[in-house]
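Please keep the sequence and the model at hand while reading.

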Amino acid sequence: AFSAIYDAYWDRLFRYVIRILPDEDDVADVVQETFVIFWEMRGGIGRIHSIKSYLFVIARNLAFRRFREELKKMDVEDRLVDFYSKAIDSTSTALSTKELSALIDAEVEKLPERMREVFILSRKEHLSYREIAERLNISDQTVKKQINKSLNQLRLKLDEDYLPYLFLLLCMDCFS
């Protein structure tokens, strides 16, 4: 009796489940699992009004369960791809920032001693003009002039010598 039911409904169930699942291997697995469940429930067959309806409901439920599992797996994969691509982007940005910082530090080292000292106290130690003036025994105006001169000098030097390199760094960020 089981073989007759299997032969009568296998193709129909396959055509039904293929509408839900795109992969034929998954469809075949679902149809096979449908018949396994049907076999395991053979003791309660007397309570079933329609074997056809019973088989199709089992197949539908299994197909949707498989479909949901695939969606979850795809969602997890998408999240992993997003996570790792963001990590790569942030690493690339950090490297570009580090390289740019190294270029600026190299140019700061070339500034005259007093100008470099004022610049470092202002930009690296975050001291106010007044605090720098007190520490170095110079006027606030001198600090302001030294900062402006150092920034102009750095800007000119970086534009002149490193503009192609900076452009390359920016382009690398655009393409990654």
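## A loop residue and its surroundings

Leu127 lies in the loop between α4 and α5, the latter spanning residues 129-136, where helices are DSSP runs of H or I with at least four residues, numbered from the N terminus. The model is a predicted one, in which local features need pLDDT of at least 70 and side-chain atom pairs count only at pLDDT 80 or more, while totals for chains, interfaces and linings use all residues. Residues are numbered from 1 along each chain as its sequence is written, and side-chain values use heavy atoms, with hydrogens and water left out.

At 17% relative accessibility, Leu127 counts as buried; the term buried stands for under 20% relative accessible area, exposed for over 50%, and partly exposed for what falls in between, with a 1.4 Å probe and protein chains only. When neighbours within four places in sequence are left aside, Leu127 is in contact with Leu121, Ser122, Ile132 and Arg135, contact being defined as heavy atoms within 4.5 Å.

Which residues of α4 are buried? They are Met115, Val118, Phe119, Leu121 and Ser122. These residues cover an arc of only 165° around the axis, and they are therefore on the same side of α4; the arc is that of the directions from the helix axis to the C-beta atoms.

In α5, the buried residues are Ile132, Ala133 and Leu136. Seen down the axis of α5, they fall within an arc of 100°, so they line one face of the helix. On the other side of α5, Arg130, Glu134 and Arg135 are exposed. Just after this helix, Asn137 takes a positive phi of about 55°.

Leu55 illustrates how the parts meet: with neighbours within four places in sequence left aside, Leu55 is in contact with Ile5, Tyr9, Leu13, Thr34, Phe35 and Phe38.

## Salt bridges

The structure holds six salt bridges, each defined as a side-chain nitrogen of Lys or Arg within 4 Å of a carboxyl oxygen of Asp or Glu. In one of them Arg66 pairs with Asp29, the closest N and O atoms being 3.7 Å apart, and this pair links distant parts of the chain, since Arg66 is in helix α3 and Asp29 in helix α2, 37 residues apart. Arg66 is buried, with a relative accessible area of 17%, whereas Asp29, at 41% relative accessibility, counts as partly exposed. Arg66 also forms a salt bridge with Glu33 (3.9 Å, N to O); Glu33 lies in helix α2 and Arg66 in helix α3, so this pair ties together parts that are 33 residues apart in sequence. At 32% relative accessibility, Glu33 counts as partly exposed.

Elsewhere, the side chains of Arg135 and Glu125 meet in a salt bridge (3.2 Å, N to O). Arg135 lies in helix α5 and Glu125 in the loop between α4 and α5, so the pair ties together parts that are ten residues apart in sequence. Glu125 is partly exposed, with a relative accessible area of 43%. Salt bridges that share partners join Asp26, Asp29, Glu33 and Arg66 into one network.

## A nonpolar surface patch

Phe64, Phe67, Leu71 and Met74 make a nonpolar surface patch of about 360 Å². Patches are made of residues with over 30% relative accessible area and no salt bridge, like charges being joined within 9 Å and nonpolar side chains (Val, Leu, Ile, Met, Phe, Trp, Tyr) within 5 Å; accessible areas come from the Shrake-Rupley method with a 1.4 Å probe, and for residues only the protein chains shown count as cover. Phe67 has its place in helix α3 (residues 51-109) and, at 35% relative accessibility, counts as partly exposed.

Technical notes
Helix = DSSP H or I, 4+ residues; strand = E, 2+ residues; numbered from the N terminus.
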